[in-house]
Amino acid sequence: MKTPLLLVAVALGAACASAGVPETVEPAVIPAYRLIRPGLAAAGQPTPEALRGLREMGFRTVVNLRQEKEGPVDERALVEAQGLRYVSIPVTADTFSLADIDAVEKILDDASAAPVLLHCASSNRVGAAWAVIQARKGKTLEEAEAAGRAAGLHSPQMEAAVRRVLAPAPATAPPAPAAGPVNP
């Protein structure tokens, strides 16, 4: 049986995107929810009731960027009990890396995974990941950061992590010439 809160969320999201997931959801159910492209929604932490209703909302995959100790202990079970795919890619401002982005992009590029709900606590880490993805697709740093903010990026720590991940690798100095005999 659906909870009244979930019914409100679904009713508010009645205008559906082309991927079949709600365009909007009640913030008390899934905070910071927004479609960032067809088949991909960014969000903060869904309530347990919302997690139980993700299949009915049209999702096939949930990607959680939170550390295991942060989220509901039964999130994976709640998602997988509906036959949905659950992927955990734990991210913090200090650990955020291109390897995390590669893992997220692998899922987002898999057509069978869509529609995807990409979430963390407040959508801040989601926005950071989205910013890096956009930069890797050719957007300028400013454009990528703006796309990240639109997806939830809001903390100075995650903004700095985005810039760190996108910074070019330091150039290595050419090897010094071998020392040979000095002619007097």
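Tutor: Asn-64, Arg-66, Gln-67, Glu-68, Gly-71, Pro-72, Val-73, Asp-74, Glu-75, Arg-76, Tyr-86 and Ser-88 line the largest pocket. The model is predicted: local features need pLDDT of at least 70, side-chain atom pairs count only at pLDDT 80 or more, and totals for chains, interfaces and linings use all residues. Residues are numbered from 1 along each chain as its sequence is written, and side-chain values use heavy atoms, leaving out hydrogens and water.

Student: What makes a set of points a pocket, and a residue part of its lining?

Tutor: The search runs on a 1 Å grid over the protein atoms alone. A pocket is an open set of points with protein on both sides within 12 Å along at least five of seven lines. A lining residue has an atom within 4 Å of a point. The largest pocket holds about 170 Å³ of space. Helix H3 (75–80) and strand S4 (85–88) each give two or more residues to its lining.

Student: How many lining residues are nonpolar, polar and charged?

Tutor: Three are nonpolar, four polar and five charged. Asp, Glu, Lys and Arg count as charged; Gly counts among the polar residues.

Student: What does the pair tie together?

Tutor: Tyr-33 lies in the loop between helix H1 (4–12) and strand S1 (34–37), and Phe-59 in the loop between helix H2 (48–52) and strand S3 (61–64), so the pair ties together parts 26 residues apart in sequence. Both residues are buried.

Student: What makes their backbone worth a look?

Tutor: Most residues other than glycine have a negative phi. Phi of Ala-32 is positive, about 55°. Phi of Ser-123 is also positive, near 85°.

Student: Which peptide bond is cis?

Tutor: The bond from Ala-114 to Pro-115 is cis, with omega near -5°. Most peptide bonds are trans.

Key
Helix = DSSP H or I, 4+ residues; strand = E, 2+ residues; numbered from the N terminus. Buried < 20%, exposed > 50% of the residue type's maximum accessible area, 1.4 Å probe, protein only. 1 Å grid on protein atoms, 1.4 Å probe; cavity = no way out; pocket = protein on both sides within 12 Å on 5 of 7 lines; lining within 4 Å. Points joined across faces, edges and corners; volume = space filled by probe spheres on them.
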